[in-house]
Each structure stands twice: as structure tokens, then as C-alpha cells.
Amino acid sequence: MAIRPTGRVRAVLCGPFEERWVASLEARFPDVDFVLHRRLADAVAAGAGRGAHILLSAGGQAADAFLAQADDLRWIQTTSAGVDGIVTPALTAREGLVLTAAKGIHGDQMSEHTLALLLALTRSLPTFLRQQARREWKRHTLPELRGRSLLVVGYGAVGRSIARLCRAVGLHVTAVRRQGRDERGGDAVEGVRVVTLPALDEALAEADYVVLTLPLTAQTYGMFGAERLARMRVGSYLVNVGRGAVVDEVALARALVEGPLAGAALDVFAEEPLPADSPLWDLPNVIITPHVAAASPRYFEQVLHLFADNLERFLAGKPLRHRVDVGAGY
Ligand SMILES: NC(=O)c1ccc[n+]([C@@H]2O[C@H](COP(=O)([O-])OP(=O)(O)OC[C@H]3O[C@@H](n4cnc5c(N)ncnc54)[C@H](OP(=O)(O)O)[C@@H]3O)[C@@H](O)[C@H]2O)c1
């Protein structure tokens, strides 16, 4: 099936997009009718899938319902980098449907957030904040990041940005990719040693810090279970800004109490919001942030820029950027 339909094109946009941004899309693409909804569920309720060729949206439970309405759908652009909420059996079964993800727009905020977490863990900020709340003046010696080793697991757009910033503060960086054969590698980051999946466990045992920037796929689900966590260095730290279900949280809590981990910083969880009875909330050596590593006031405007670039390609019949390999799940 040719990706571009004949005649007028209908695009349904779901998200907190400002009217003026959509107006500029309308001016730039006069052959496209844009329909704006705040949430995908609202679009489904309004029957917006009927006649739609393009969907721009986050994933979520309404995605299958939209798909069921949208017989003419040719392309879905997600507003997130991860597509785990949108690659359902119904989507996989739909022939000729192209899925693209919002990649390459998270690097600045994700790398800054990750560096903040690494520094907070290393410079004992949770301890000092607790002391401050008690008006307590108590000093102890602290190490620095410079000269220590960092392993980035998942070396795509996000992993590379983190590696670049962490190199700048003097960390020795190794990165793990799945296969490392395609163009996903992008620009090389100077001084980063890149290995593939079979070398993961060896690299893990050598790292003072491990940062996970993996997509959630059939292969990565539960990848950091008890056995793998036990391979980490005594006194090392784990930071997860990828997807929560990559880590077995029960095994992680145990590794944080019994070793080998000295601490962890987590932005993502198997279930979000993190349930109130999760043991992770109470551990003094854990920093929790509520899935905000990619947050930025510019976020949805950046998504629209990326979408507009791909829309131009769609209309010209050219290959779209950041296409998801639905079989691999990312
Ligand atoms: N916390 C947040 O708010 C937030 C924001 C943005 C993204 N994320 C998460 O971060 C993930 C990565 O984003 P991205 O834009 O960097 O994606 P990306 O460019 O697609 O990169 C994914 C990387 O993971 C590697 N990978 C995939 N499966 C693997 C496996 N089984 N073992 C080892 N490496 C594996 C890939 O290896 P190859 O290079 O060999 O293909 C690639 O290097 C997203 O999928 C999303 O889940 C979270």
C-alpha cells in the first residue's frame, strides 16, 4: 500500500498542542485537514478515527479503539520515544501501517536529569536534605564522579546524550547496544567504548554506575533481575530512566538492602504511579522522580517540529524518520 493517500489528507492530533502551533501547521500544509483533541480517548469518543490517515498521539488504552475506527490509517507518530504502550497485537496485525516514535528530542533534559541523579547519589544529597529538615549539621567525606566508570545500557538517542554529558565530567563511559548494526548509532561520542549485548555482564561487573536507557521490549522485560543485579559491583549505583519493567523491583529492593548496590535513582517504574506500598519509597538510599526525566516546557512544541518534518516526507512519499521496528519493539 502506498503510504500517501490520494486526495486530501486527514491528521488527528492528540495532546496538549497549542492552537497557534496547529494554525502554523495548517498554513504550511494546506492539503491536510488537522483535527485536534486533548486526549486520544476524546478523539475516540468523537469518532475521529473515521477517515483519518494519520494519528499523532501518545499510546495508551484508547489506541486499539482508535485503530478499530480508522480503516484508512496509514501512519502513527507517537509523542514519546518508547512505544511499549502502543505496539499491541491489533497494531502489529495492521498491514501497511507505519509507526514512528518521537526520538532525538529528549537528549538535553534526559542527560541533565541523569547527571543530577548521579551527582545527588554521589554527593549524598538525600542524606543532607534529611539532615536539613532536622536542622542537623553533620559532615562526612564524599567521593567525586571524575575518574569513575559508567555503563550506559541502551545506546540510542538518549543513551548517547547521557554518555556525552558524562564524558564531560570525567567519567569513563562504556555503552551497550543490542546489535549495533544500523543507523541508530548516530554520531559517535568521543571516548565512549561501545559493546554489544553479549558483553553486558562483563561490563556490568566493572561499572561504578549503571544507567539504563532501554526501551521496554520482549527482550528487555525483566532484564535486570536478581541474578544480573548480583553481578554488579559492590557499592555501585543503578539509575533507570528508560522503562520500569526492565528491572525486577522486588530484586532491586533486596539488592539495595543486602547488597551489592549502594543506591539507586529511579524515574520509571513497572507500575506508575509507583504504588504507595512499594518498599522502594522507604529506602534511604533510593531517589525517586515521577517519570519526569524528559519533562520540558518545550516538549510538545518539539514533538510538532518532528511531526512536521515527517509529514513533509509522508506527503512527498519519502521514508519517514524514526521508524519503529514493530517486531523488535523499538
Ligand atoms: N524517562 C522518560 O521520560 C523517557 C523519555 C524518553 C525515552 N525514555 C525511554 O528510553 C528509551 C530509549 O530511548 P531512545 O530515544 O534512546 O531510543 P533508541 O534511539 O531507539 O535507542 C534504543 C537503544 O536501546 C538498545 N537496545 C534495545 N534493545 C536492547 C537489548 N535487548 N539489549 C541492549 N540494548 C538494547 C538499542 O540497541 P541498537 O542500537 O543495537 O538498536 C538502542 O541503542 C525509550 O524506548 C523509552 O522507553 C524514557
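This is a predicted model: local features need pLDDT of at least 70, side-chain atom pairs count only at pLDDT 80 or more; totals for chains, interfaces and linings use all residues.
**Exercise 1.** Check what span the residue count of α5 predicts, and what distance separates its end C-alpha atoms.

*Solution.* 
- Step 1. Helix α5 covers residues 107-122, which is 16 residues.
- Step 2. The expected span is 1.5 Å times one less than the number of residues; for α5 this should give 22 Å.

**Exercise 2.** Find which residues of α5 are buried, and work out how they are placed around the axis.

*Solution.* 
- Step 1. Count the other C-beta atoms within 10 Å of each residue's own; 20 or more makes the residue buried.
- Step 2. The buried residues of α5 are M110, S111, H113, T114, L117, L118 and L121.
- Step 3. These residues cover an arc of only 160° around the axis, so they are on the same side of α5.
- Step 4. The general rule behind such a pattern is that an α-helix has 3.6 residues a turn, so residues three or four places apart point the same way.
- Step 5. The elements covering the buried residues of α5 include the helix α7 (157-168) and the strands β9 (209-212), β10 (236-240), β11 (261-266) and β12 (286-288).

**Exercise 3.** Work out the strand order of the open sheet of seven strands, and identify its edge strands.

*Solution.* 
- Step 1. Read across the sheet, the order is β8-β7-β6-β9-β10-β11-β12, and the pairing is parallel.
- Step 2. Strands β8 (193-196) and β12 each pair on one side only, and are the edge strands.
- Step 3. From one strand to the next, the twist averages 15°.
- Step 4. V153 is opposite L212 in β9.
- Step 5. Helix α7 lies across β6, β7 (172-177) and β9, and runs at about 170° to β7.

**Exercise 4.** Compare the radius of gyration of the protein chain with that of a compact globule.

*Solution.* 
- Step 1. The chain holds 11 helices and 12 strands, and its C-alpha trace spans about 70 × 45 × 35 Å along the principal axes.
- Step 2. A compact globule of 330 residues would have a radius of gyration near 20 Å; the chain has 22 Å, which agrees.
- Step 3. Buried residues make up 37% of the 330 residues.
- Step 4. Of the contacts between residues at least 6 apart in sequence, 62% join residues at least 24 apart.

Notes: Residues are numbered from 1 along each chain as its sequence is written. Helices (H or I, at least four residues) and strands (E, at least two) are DSSP runs, numbered from the N terminus. A residue is buried if 20 or more other C-beta atoms lie within 10 Å of its own, exposed if 12 or fewer, and partly exposed in between; C-beta atoms are placed from the backbone. The arc is that of the directions from the helix axis to the C-beta atoms. Two residues are in contact if their C-beta atoms, placed from the backbone, lie within 7 Å. The radius of gyration is taken over C-alpha atoms; the globule rule is 2.2 Å times the number of residues to the power 0.38. Two strands pair if DSSP finds at least two bridges between them. Axes are lines fitted to C-alpha atoms, for helices over the stretch in contact, and angles run from 0 to 180 degrees between N-to-C directions.
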